[in-house]
Amino acid sequence: MTRIAIVEGDGIGHEVIPVAQKVLFLLHPDYDFFPVEVGYGRWEQTGCPCKDNDISALKTADAVLFGAITTPPMKDYQSVVLRIRKALDLFANLRPIRGDGFDIMIVRENTEGLYSGIEEIEQDRATTLRVVTRRGTERIARAALRCVHQRKGKLTIGHKANVLKSDVFFRDICIAEAKKAGIVYNDKFIDALSLDILQHPEAYDVIVTTNIFGDILSDVSSYLVGGLGLVPSANIGDRYALFEPVHGSAPDIAGKNIANPVAALRSAAMLLEYLGDNEGAGRIESAITKVLASGIRTRDIGGSAGTMEFGEAITGILGKQG
Ligand code: NAD
Ligand code: IPM
Ligand code: MN
């Protein structure tokens, strides 16, 4: 039986994930869903945000549907999201941005770079080591090239090689891999790319970049489609996969039933695609299109519908199709 771990996490994770889970259950009553409770809320209750056996539980799943976890910027608090990505070796973070006239896939390296975790705060200075390895770069470049191949498109390498030697290394390995695969590529400095993607989104197909640049670029690019409430992501490794909205726990709107569940629904669609159910994924996407076109929208994109109302409109359509 297909096992799906459900991690609501914190904040609006408790609101958007139940909507997405309901949709998955509607399409796949045959799946076995089981909850895993980790996050800041868990830390407040127990002093521990994520135990070793939570990681083991996630590893028993065929796929994980994940909400968002609050990561307070504190000296000694380790981000649970990063711990899970590293423990499951989810090295490829795929963040699609699709709109009228453009279809972009940001492929973000997800395990190293500035997120190496090799850092320290001393009395008068703090350091974080930006680690870019050959193995890490080759595998993310190859993941990006597989996307290019499937989409019959081209690759753009986003970097800051004019300043960072670690990005000279990253760029050169990506170029070598693209040449080996016979794929059309170009490269661009990440700062210029962050503006150009907003001005000329149609010029981009697959963008490969390092960890923090991909993090920032994906929030920036969400502007093209109406904001963070709409953008999903897949975190893929060789053995495990986790699907989550690009947005966080949004404490400013949590508990008010106003969060947009589309990013979570699209993450569920990516999960189905990963498990081979392209039809189910397509049904979720077309239900979203229909509901948005009918004028049912949450506040962030100009409507007045609540999270649950939007979810009911989606399950209404999918339920009718039987
Ligand atoms: P955020 O993405 O939570 O929110 C940014 C802004 O976007 C807020 O104004 C929020 O209200 C809005 N927003 C986000 N999702 C929305 C949705 N579905 N519908 C409507 N509006 C939405 O980023 P933040 O405020 O910088 O971070 C909050 C917390 O989330 C932090 O602790 C951060 O570390 C964490 N975070 C976690 C993840 C994750 O778990 N993967 C991702 C990003 C941020
Ligand atoms: C994201 C988030 C995470 C990241 C944080 C919460 C660790 O911003 O998934 O985009 O930086 O990767
Ligand atoms: Mn982010």
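A salt bridge here is a side-chain nitrogen of Lys or Arg within 4 Å of a carboxyl oxygen of Asp or Glu. Keep that rule at hand for the exercises below.

The model is predicted, so local features need pLDDT of at least 70 and side-chain atom pairs count only at pLDDT 80 or more, while totals for chains, interfaces and linings use all residues. Residues are numbered from 1 along each chain as its sequence is written, chains are lettered from A and ligands numbered from 1 in the order in which they are written, and side-chain values use heavy atoms, with hydrogens and water left out.

**Exercise 1. Describe how domain 1 and domain 2 meet.**

Step 1: Domain 1 covers 1–90 + 238–322, and domain 2 covers 94–236. Their centres, taken over C-alpha atoms, are 23 Å apart.
Step 2: list contacts (heavy atoms within 4.5 Å). Here 23 residues of domain 1 touch 24 residues of domain 2.
Step 3: work out the buried area, meaning the accessible area (1.4 Å probe) that two parts lose on being put together, summed over both. This comes to about 2,000 Å², with 57% on carbon and sulfur atoms.
Step 4: look for charged pairs. Two salt bridges cross the interface. Asp89 also forms a salt bridge with Arg139, where the closest N and O atoms are 2.9 Å apart.
Step 5: see which elements take part. On the side of domain 1 that touches domain 2, α4 (80–87), β12 (241–245) and α9 (262–274) each give two or more residues. The largest share, six residues, belongs to α9.

**Exercise 2. Which residues surround ligand 2, and which side chains approach its oxygen atoms?**

Step 1: collect the residues near the ligand (a heavy atom within 4 Å). They are Ser79, Leu82, Arg85, Arg95, Arg108, Tyr115, Asp215 and Val246.
Step 2: check for polar contacts (a pair of N or O atoms within 3.5 Å; within protein, one must be able to donate a hydrogen and the other to accept it, and residues adjacent in sequence count only if both atoms are side-chain atoms). An oxygen atom of ligand 2 is 2.7 Å from a side-chain N or O atom of Arg85. For Tyr115, a polar side-chain atom lies 2.6 Å from a ligand oxygen. For Asp215, the corresponding distance is 2.8 Å.

Note on methods. Domains from an automatic or database assignment. Helix = DSSP H or I, 4+ residues; strand = E, 2+ residues; numbered from the N terminus.
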